[in-house]
Every structure is written in structure tokens, then in C-alpha cells.
Amino acid sequence: MRVIAKRTLREFWSSSPQYADAKGPLEAWHAEAQKAKWKSPQEIKAQFRSASILKNSRVVFNIAGNKYRLIVAIDYEREVCFIKFIGTHKQYDCVDAEVV
């Protein structure tokens with residue numbers, strides 16, 4: 001998968017010292033996503049059992065032992081993954097994951 005854009009992840013973990021612990025898990029997720037060839041939500045669930053599949057081709061990943069939430073939109077046909085949101089559970093609760 002082509003992931004757009006890793007810069008969003010970097011900006012998150014470097015935006016505040018309290019998010020620095022997200023760097024390793026986000027880099028690991030990014031590496032796995034780049035290697036993936038997901039053709040359906042079921043393939044994502046097979047690889048990431050804790051991922052939540054939503055409407056509008058959205059997927060929510062639990063990051064760093066469920067400390068953070070990552071929302072992506074996936075274009076399965078073009079093999080592109082768009083990062084839409086990364087934040088804490090509290091921040092996640094303030095967004096609509098299906099439209100963010």
C-alpha cells in the first residue's frame with residue numbers, strides 16, 4: 001500500500017513530548033502498511049485483529065497498546081491508504097471517524 005502521508009505521523013509524535021512514545025508503534029504500523037496488499041477489509045482484520053472497519057472505507061487502528069487511535073481511508077483498488085487522523089482516545093472521541 002502507498003501510505004499518504006507519513007509526515008502526518010511524524011508531526012504527531014514530534015508535536016509534543018507526551019506523544020513521543022507513539023513514534024516506534026507508528027513507524028511499525030507504517031512499515032506493515034507499506035508492505036501490505038490489502039484487497040478487502042477482511043484482509044486487514046486478518047492482519048490487525050483489533051482494527052475496526054467503518055463505513056466509507058475507513059479503518060481505525062489501535063496504536064501503542066490502544067493508547068492512540070489512527071484513522072485511515074483506504075482505496076483498495078489503487079492500493080492507497082490515506083491517513084485521516086491520529087490522536088489519543090479523548091481526541092478520537094471528539095471526531096466523527098467516518099467523515100474526518
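**Helix 2, its cover, and the cysteines**

The buried residues of helix 2 are covered by elements that include strand 1 (2-4), helix 1, strand 3 (58-63), strand 4 (68-75) and strand 5 (80-88). This description rests on a predicted model.

**Helix 2**

- Helix 2 spans residues 23-35, 13 residues in total.
- From its first C-alpha to its last, helix 2 reaches 19 Å, which is close to the 18 Å expected at 1.5 Å a residue.
- Its buried residues are L26, W29, H30 and A33.
- These residues lie on the same side of helix 2, because they cover an arc of only 100 degrees around the axis.
- In general, an α-helix has 3.6 residues a turn, so residues three or four places apart point the same way.

**Serine 14 in helix 1**

- Helix 1 comprises residues 6-15, and S14 is part of it.
- S14 has a relative accessible area of 54%, so this residue counts as exposed, the cut-off being over 50%.
- A polar atom of the S14 side chain lies 2.7 Å from the backbone oxygen of R10.

**Cysteines**

- Zero disulfides are found in a search of the whole structure.
- C81 is buried, because its relative accessible area is 0%, and buried means under 20%.
- C94, by contrast, is exposed, with a relative accessibility of 67%.

Note on methods: Residues are numbered from 1 along each chain as its sequence is written. This is a predicted model: local features need pLDDT of at least 70, side-chain atom pairs count only at pLDDT 80 or more; totals for chains, interfaces and linings use all residues. Side-chain values use heavy atoms; hydrogens and water are left out. A disulfide is a pair of cysteine sulfur atoms within 2.5 Å. Buried means under 20% relative accessible area, exposed over 50%, partly exposed in between (1.4 Å probe, protein chains only). Helices (H or I, at least four residues) and strands (E, at least two) are DSSP runs, numbered from the N terminus. A polar contact is a pair of N or O atoms within 3.5 Å; within protein, one must be able to donate a hydrogen and the other to accept it, and residues adjacent in sequence count only if both atoms are side-chain atoms. The expected span of a helix is 1.5 Å times one less than its number of residues. The arc is that of the directions from the helix axis to the C-beta atoms. Contact means heavy atoms within 4.5 Å.
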